[in-house]
Amino acid sequence: MKLSTLVVGLCVLASIGIASAQEHYTEGPVWSCSSYRTKQGHTDDYLLYLRSHYLATTAESKKQGLTLDSKIFMQEPASPADWDIMICTLFPSYGKAMDYNAADEEKSKAIQGKHWGTMDEKKQDEMAAQRYAFRDLVGTKYVREVMLKPAP
């Protein structure tokens, strides 16, 4: 009984912290950012792959309202495990970024099919597999953009 009261109390305190923090900002859209480490000598290969395939499909995704924006960032890695290329896609909400939507899935499949010249997803995967020789995934994060409110 005392443990459950403690858990409920901690949840209430945590929600108060979140609520008070939101008085400082307005929630904005959500970025999905995947970071990669290119393999030795393959940075140019990976950038050419992105130019050839990523640009066309993300432009069409934006045109069809699946995404709001996309950006690519580069940095000098601080360690052997650090990323050097990060690809970020902007969505209007966490739900749009993370939840399955059949209509969006169909639009996305049509975009990929048109780009790769086939609706066969297995063939698309085979054609896109070259990117694995160029880079390794470091990780993906979802972050919310916020707009600070003016100070009183």
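Modeller: Two strands count as paired if DSSP finds at least two bridges between them. This is a predicted model.

Biologist: Over how many bridges do strand 2 and strand 3 pair?

Modeller: Strand 3 covers residues 85–91. Strand 2 and strand 3 pair in the antiparallel sense, and the count is 6 bridges.

Biologist: Which strands are the edge strands of the sheet?

Modeller: The open sheet has 4 strands, with antiparallel pairing, in the order 2-3-1-4. An edge strand pairs on one side only, and that holds for strand 2 (69–74) and strand 4 (135–148).

Biologist: What angle does the direction of helix 2 make with that of strand 3?

Modeller: Neighbouring strands of the sheet are turned by 20° against each other on average, direction ignored. Helix 2 (residues 43–63) packs on this sheet and touches strand 1 (25–38), strand 2, strand 3 and strand 4. Its direction makes with that of strand 3 an angle of about 5°.

Biologist: At which residue does helix 2 bend?

Modeller: Helix 2 has 21 residues and spans 28 Å from first to last C-alpha, close to the 30 Å expected. The bend is about 35°, at Tyr54.

Biologist: Is Tyr54 buried or exposed?

Modeller: Buried means under 20% relative accessible area. The cover over the buried residues of helix 2 includes helix 4 (102–116) and helix 5 (121–128). Among those residues are Tyr46, Leu50, His53 and Thr57, and Tyr54 is likewise buried.

Key
Residues numbered from 1 in each chain as written. Predicted model: local features only at pLDDT ≥ 70, side-chain atom pairs only at ≥ 80, totals over all residues. Heavy atoms only, no water. Helix = DSSP H or I, 4+ residues; strand = E, 2+ residues; numbered from the N terminus. Axes fitted to C-alpha atoms, helices over the stretch in contact; angles between N-to-C directions. Contact = heavy atoms within 4.5 Å. Expected span 1.5 Å × (residues − 1). Bend = angle between axes of the 7 residues up to and from the residue. Buried < 20%, exposed > 50% of the residue type's maximum accessible area, 1.4 Å probe, protein only.
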